[in-house]
Amino acid sequence: RVAEQEDGVYISQMVRGGVAAAADPFLQIGDRLLSIDGEPVRTEGDVKRLALGIDGTPVILHCSRRSERSRQSNAAAAADGPNRVVSLVTLVRGVPGAHTVHTKRVRKDEALAS
């Protein structure tokens, strides 16, 4: 499940044993969904439309998460800038545990521009 907020769409809940939950820690509650299969995500409706597909087919999620360092200390965040971890997570519809992940630590302005 996702929740639409003023600044984007975020993962709000994951079904235990489901495809997204099996990709933890690469996908977590609170991650912002930037795109699905290269299409921008701006609303919950976008997620529903773009995530549909046939079991066994891949779906690529482009997500953003506030970095651990930024979460741990406001001083670290101020010194290092508002960093985020951006991930490309490829899930296989209907196949929990079949995923690949590519991550990159970037400054917030870079993450949101992608």
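In this predicted model, D37 is partly exposed, with a relative accessible area of 40%. The side chain of D37 meets that of R93 in a salt bridge, with an N to O distance of 3.8 Å. D37 lies in the loop between β3 and β4 and R93 in the loop between β6 and β7 (99-107), so the pair ties together parts that are 56 residues apart in sequence. R93 has a relative accessibility of 12% and therefore counts as buried, the limit being 20%.

A search of the whole structure finds three salt bridges. Another of them joins R65 and D31, whose closest N and O atoms are 2.6 Å apart. This pair links distant parts of the chain, 34 residues apart: R65 belongs to strand β5, and D31 to the loop between α1 (19-22) and β3. Both R65 and D31 are buried. A further salt bridge is formed by the side chains of R49 and D46, at 3.4 Å from N to O. R49 and D46 are three residues apart in helix α2 and are thus separated by about one helical turn. R49 counts as exposed, at 51% relative accessibility, whereas D46 is buried, with a relative accessible area of 14%.

Helix α2 spans residues 44-51, and its residues D46, V47 and L50 are buried. Viewed down the helix axis, the buried residues of α2 fall within an arc of 100 degrees, so they line one face of the helix. K48 and R49, on the other side of α2, are exposed. The cover over the buried residues of α2 includes the strands β1 (2-5), β2 (8-11), β3 (32-36) and β4 (39-40).

In soluble globular proteins, nonpolar side chains tend to be buried together. The largest nonpolar core of the model comprises 16 residues, and those with the most contacts inside it are L27, L33, I36, V41, V47, L61 and L91. At least two residues of this core come from each of β2, β3, α2, β5 (58-66) and β6 (83-92). The greatest contribution is that of β5, with three residues.

Contacts of V41, leaving aside residues up to four places away in sequence, are made with V9, L33, L34, S35, I36, D46, V47 and L50. With the same exclusion of residues up to four places away, S35 touches P40, V41, I60, L61 and H62.

Methods:
Residues numbered from 1 in each chain as written. Predicted model: local features only at pLDDT ≥ 70, side-chain atom pairs only at ≥ 80, totals over all residues. Heavy atoms only, no water. Buried < 20%, exposed > 50% of the residue type's maximum accessible area, 1.4 Å probe, protein only. Helix = DSSP H or I, 4+ residues; strand = E, 2+ residues; numbered from the N terminus. Arc of directions from axis to C-beta. Contact = heavy atoms within 4.5 Å. Core = buried A, V, L, I, M, F, W, Y, C linked by side-chain atoms within 4.5 Å. Salt bridge = Lys/Arg side-chain N within 4 Å of Asp/Glu carboxyl O.
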